[in-house]
Amino acid sequence: MLRPLRQYRVMPSVPPALEPLISLAYNLYWEWDTEAVDLFRRLDVDLWEASNHNPVLMLGQISQERLLALGHDDGYLAQIHRVSERLTHYLKHGNEWPADLPTKGTRALPYIAYFSMEFGLTECLQSYSGGLGILAGDHLKSASDLRLPLVGVGLLYQQGYFRQHLNPDGWQQERYPQNDFSNLPIQLISDAQRKPLTITVEFPERNVITQIWKVQVGRIPLYLLDTNLAANSPDDRAITDQLYGGDSEKRIQQEMILGLGGVRALQALGINTTIFHMNEGHSAFLAIERIYQAIQSQGLTFDEAQVAISAGSVFTSHTPVSAGSDYFSPDLVDRYLGHYYSKLGISRQEFLALGRQNPSNEAEEFCTTVLAFRLGTLRFGVSRLHEKVSRHIWHGCWPQLSEKEVPIAHVTNGIHTATWTSLDLVGIFDRYLGPRWRDTPQDPKVWSGISHIPDEELWRTHERRRERLISFTRSRLRQQRIAAGATLPDVKEADEVLRPDALTIGFARRFATYKRANLLFSDPERLARLLNNPRHPMQIIIAGKAHPRDDAGKALIRDIVRLSQLPEFAHSIVFLEDHDMVIGRYLFQGADVWLNNPRRPFEASGTSGMKAALNGVLNVSILDGWWDEAYRPELGWAIGQGEEMADEKQQDRLEAATLYHLLESEVKPLFYQRGDDNLPRQWIARMKAAMRELGPHYNTNRMVLDYLHQGYAPAAKRVSLLSNRNAELARRIAAWRRQVRENWPNVRIERVNCSLDGTIQVGQSFPVEALVSLDPLSPSDVSVQIVEGPLDSHGNIVVPNTIPMLWDGLNQKPYHFTAEVPTSATGQHGFTVRVMPHHPDDPDPHATGVLTWADNFLP
């Protein structure tokens, strides 16, 4: 191995007139400014594609002759000036809170630190694997547009996520090309001595040194940590090699760098923040580091620090199954985090309990999702259905509550509108919607202009996008066949696959088995009849990666590829290798139908269908994730009615039949229903309805504002309240929690009195009295509640409604609490009574984990 004596960086030599291109290249604002993208495409369109849309690499590779020529091109210089001025104006107004946004409780918002293991910002930065990362990237872009004081924190991967290619049999192979950081739109952070700014994270018997890179995302800085330094051992240098690579030990190492190191990196950068948003459980160790620092700096106990720190912690879970979270063995936690036990002032058992649904189960592994739930107070799923699913799978963290009361809410995911709108539609939106579709896409009034787009103009634009998709697909297929060593006739045949005028179905996602990529291919004979109708043809373009260790997912890819090679499918089914943002854009923007058929309820949200709908592509989807709440018949199609079956094979058969029937009887006929002008006007009406109705809600501007009002602003208020006077209130709440836990065995519901004789007229109410023993606690320490609702066939309350009971104010013991129970619906109903701890300022009402139910009823 040849080692250099000295390292240096070669920068592009750009004529003075073109120097604004450099600052533009290093701010990913260009990703969602179409004229900025056009600036780089005009440099050299072939090089733009070959560089994977990387302007920094382009500026280093383009010929000096070309740069000099453009330096004298008045039209190009005028375009540079326009884009540069627009970026300057965008950044200049970044510190002003938008006048048209709600401001109550948010003007004094501190920095929000948004942590994620992956960020999908642009094609050339391979720091994402799929939807989670792209969602994180869109979150930053909308935070920038909304001028939120937010900073992102993640990891910078030397190899990123794997690149996919298939062997001749269709089996997925992985390769991990090295990223050249010097030719990416990132910058290394230096200290006052112009040396790389580094932080240190303690590992077993060694320290790991991490440097910090910066990606500028509009107004938002994203800081990425990198362990590939000569001062680290070869194994430690490789910690940030691959996204989701390696075994459990590699994962805990990465998550320590992200969580512990991320907090320290922000401090080294001088960024003071008290609100931390954990995007999935990968970054949950940040809460441990924050608690430790609060103990050190403020002299708090662990319990006191937990109250103060958890108030500013926001957590979003994206997994619909508990197995999708990270679990670490107690021995591995001991090895890597054992030094924290004494520093936090808690025992090993108490630390491990923070990551267990059942704290007393010593056989349970340590789960970072549970850790994030326990050390955060604002918890979210990513769709309405996912909130329900999350409450079910994580009910064990709050066993004292009913499932419907588990404290997990939801903020439905969205997409960054300006990033995912096709270039063709940008012009149409500008003409008919005005400029506000970029700035305030969350406003339904903006999207009313969709109705004014002439049918012919919208359809001709869509046809051009489909033609581009077909051309792109043929080109990629040709490259795939050449790389695979195909014969010349097979290579040439790639130019003849697909038809530019045929109904085109797009499917692109991770090849996990629950996503059922093979559902449409389960009946080849029926599928062949659908695809090969000469008057009404249909075709499918499919893409996606399986996890390197998921052989079942790889088998799905192989089976689909083999099917596509049969003579009856060779011209109508194409699998595109190495799914990424480039392929995704062509599919979202050029297909006619977007297919999504996961096994409900395993799709937490899904954002690919949102991107498709934004571009007028109609969804055909299982009622799962976002589509469960978005679907209406005029917007697309639903596969089934939201059924969930115990027999998965039976469910697959039924839903495959339903999908075929939908395509045969509704989707294809509507697409090919044409008038004399050859326009599918009913289809176009659905396109417009989907864009108009879904556009204002399923975008990340709306999503980030939801997080602002449900998460960041309440967290800021709580943190301010709890941190005053050296965390005086946090200390009091911790003491109160301790007192409640110690004395809760004395809490009893002695008697419940109710004069109801068994029947009552709807609309009437009846009184209930409870006699409760609390000593030494007082009525102000508890909330006594009636829980009532309709009963199921087993006599259980299925839709609980909570009614607070009022203390009569007398010191007579047991204490007397009363309430009136209203009736609003007929049927069999029931009620019971419970006592819960209550403190008006506790940021986590269920943190004590105790609750008492009535165990007797005396009429």
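The largest cavity has a volume of about 60 Å³. The structure is a predicted model, and a search of the whole of it finds six cavities of 30 Å³ or more. Ten residues can be named in the lining of the largest cavity: Ile-415, Thr-417, Met-610, Ala-613, Leu-614, Ala-690, Met-691, Leu-694, Gly-695 and Tyr-698. Helix 26 (608-614) and helix 29 (681-694) are the elements that give two or more residues to this lining. By class, eight of the lining residues are nonpolar and two are polar, while no charged residue takes part.

Charged side chains were examined through their salt bridges, of which a search of the whole structure finds 51. One of them joins Asp-424 and Arg-468, with the closest N and O atoms 2.5 Å apart. Asp-424 belongs to helix 18 (residues 423-432) and Arg-468 to helix 21 (residues 455-483), so this pair ties together parts of the chain that are 44 residues apart in sequence. The two partners fall in separate accessibility classes: Asp-424 has a relative accessibility of 19% and therefore counts as buried, the limit being under 20%, whereas Arg-468 is partly exposed, with a relative accessible area of 40%.

A further salt bridge is formed by the side chains of Asp-334 and Arg-348, at 2.9 Å from N to O. This pair also links distant parts of the chain, as Asp-334 lies in helix 12 (residues 330-337) and Arg-348 in helix 14 (residues 348-353), 14 residues apart. Asp-334 has a relative accessible area of 25% and is partly exposed. Arg-348, at 35% relative accessibility, is likewise counted as partly exposed.

Arg-41 and Glu-49 form another salt bridge, in which the closest N and O atoms are 3.4 Å apart. Arg-41 is partly exposed, at 30% relative accessibility. Glu-49 is also partly exposed, its relative accessible area being 37%.

Salt bridges are also found in a network. Arg-516, Arg-599, Glu-648, Asp-652 and Glu-655 are linked in this way.

Key
Residues numbered from 1 in each chain as written. Predicted model: local features only at pLDDT ≥ 70, side-chain atom pairs only at ≥ 80, totals over all residues. Heavy atoms only, no water. 1 Å grid on protein atoms, 1.4 Å probe; cavity = no way out; pocket = protein on both sides within 12 Å on 5 of 7 lines; lining within 4 Å. Points joined across faces, edges and corners; volume = space filled by probe spheres on them. Helix = DSSP H or I, 4+ residues; strand = E, 2+ residues; numbered from the N terminus. Nonpolar A, V, L, I, M, F, W, Y, C, P; charged D, E, K, R; others polar. Salt bridge = Lys/Arg side-chain N within 4 Å of Asp/Glu carboxyl O. Buried < 20%, exposed > 50% of the residue type's maximum accessible area, 1.4 Å probe, protein only.
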